Amino acid sequence: MTPRAFPLRAVAALFLDRQHLAHPRRRRITAAALARFAEDTGGIQLDSINVVERAHYLTVWSRFGPYDRSALDRLVHRRRVLFEYWAHAACLIPTAHFPAWRRAMLDYNVRHRAWRDWLQKNRSMLRAVEGAIRERGPLANADFAQRRPAGTAAGWWNWKPTTHALDYLWMSGRTLVHSRNHFQKRFDLAERVMPDALAREPLARDAFRHWHLRQSLHAMGAATEADLRGYLTFPHFAPAERRGTLAAMLRSGEVVEVEVEPSRGRPARWLALAEDLAALAAAARRRTPARGTTLLAPFDSLLWHRDRVARLFGFDYRIEVYTPGHKRVHGYYSLPILHDGQLIGRLDAKIHRQEGRLEARHAHFEPWFAAGDPPPAASWGTPDREAALAGVAEAVHSLAAFAGASRVTLGRVSPARLRPLLARALRNAPAPPPMRSPTRATRAPALTGTRT
């Protein structure tokens, strides 16, 4: 049977739908809406960098607009709408997916043989740490005073033994993250954190591999095999395991091959869930894939597999946090700019909390956007530049209000000829809607101190 053919823009539009970016910053955050978002994407990535806001707060803001962070914390750590584990990296994962990830926890010590030597030498340490949590309740790494072994340097891979023990207990599912204090995880026994979820039967190994592929395909709408490997990256399945699971899903008709044109780069086999063919067809008929403007965290699930983003949107994105300063092109913490479903540029931003100021250090627009051309990949035509810059300005003010800043300053703009237009748009931007929190200032940030 000849595979059904879809334009590249159909895949891009459905991807935006599944990532809850068809109408960014338009929905009210509720427990149900948050759970649905995490269920569709597979998780909300966590990261400790706090230049603007931590990654999970930013990712939720991109979808829901300004909200009270403490409300999100309560949904996670009190109501247990989400829980912490690894999916792409460390993520907030919907509790509805707990039986699937419970299989990854139970198999952790089987798959990760590197722990064998450590466990043989440190079983008494493991029992002591677990016993302390059982006796004293939720504990963080800082609650254990033991130092690193003599002669080891500080660093991610030179943790003290109790840190290794805490990590192993968490990854193997014997403990779960109870809460966070200044972003530091506090662990408690799994049966005390999520007793109801723990009582549910975990998936069998073959069922988990099936679920894992299905979840990735659902989150992306249609994907290549490289996309499937790059989206949910944990746990690592052997290539033969993945191929066997995918072959079985193709034989059953649950997954089908589709043809996607035009395709950037080398030809690849595209796959979709059979139930998503109608959604792809509807996406192909859209005049525009999305309405609205937002800024994305560098760790946003839309960007988890950056090669896919380049193929779909013609947007080559690299996180430059780990790049030496003199080699950075777009800035330390550049936030991709999404306008009406197109990635039109990126903004290197920084919050100066003591000053109550959001610094837009460098707004860097894509060459095609600056030239007034259509995008180089999935295209719905040339976006209106004035409307796009107005959308960027409104999103920047919304982000400033969310981060607690009362003013915005604008630095460089590339190309420079767009700077006066963006500065004017920032001055004329409407006040952002108030956050649903009586404890947060809701006065609109003002554009001040722009530099030439």
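1. Two strands are taken to pair if DSSP finds at least two bridges between them. On that criterion, strand 12 (residues 334–339) and strand 13 are paired in the antiparallel sense, with 6 bridges. The model under discussion is predicted.

2. Within this pairing, proline 336 lies opposite arginine 346 of strand 13. The two strands form a hairpin with 2 residues between them, and aspartate 340 in this hairpin adopts a positive phi near 50°.

3. Strand 13 also pairs with strand 14 (residues 357–365); the two run antiparallel and are joined by 8 bridges. Histidine 352 has arginine 357, in strand 14, as its bridge partner. Here the hairpin has 4 residues between the strands, and glycine 356 in the turn shows a positive phi of about 65°.

4. Strand 13 (residues 342–352) is largely enclosed by the rest of the structure, because 10 of its 11 residues are buried. Buried here denotes under 20% relative accessible area. As a general point, the side chains of a regular strand alternate between the two faces of the sheet.

5. The largest nonpolar core comprises 151 residues, of which Tyr85, Trp101 and Phe365 touch the most other members. Helix 17 (residues 385–402) supplies the largest share of this core, namely 9 residues.

6. Which residues does tyrosine 85 contact, leaving aside its neighbours within four places in sequence? The contacts are Ala90, Cys91, Ile93, Trp101, Ala104, Met105, Trp170, Met171 and Phe234. One of these, Trp101, is also named with Tyr85 among the core residues that touch the most other members.

Notes
Residues are numbered from 1 along each chain as its sequence is written. This is a predicted model: local features need pLDDT of at least 70, side-chain atom pairs count only at pLDDT 80 or more; totals for chains, interfaces and linings use all residues. Side-chain values use heavy atoms; hydrogens and water are left out. A nonpolar core is a set of buried Ala, Val, Leu, Ile, Met, Phe, Trp, Tyr and Cys residues joined through side-chain atoms within 4.5 Å. Buried means under 20% relative accessible area, exposed over 50%, partly exposed in between (1.4 Å probe, protein chains only). Contact means heavy atoms within 4.5 Å.
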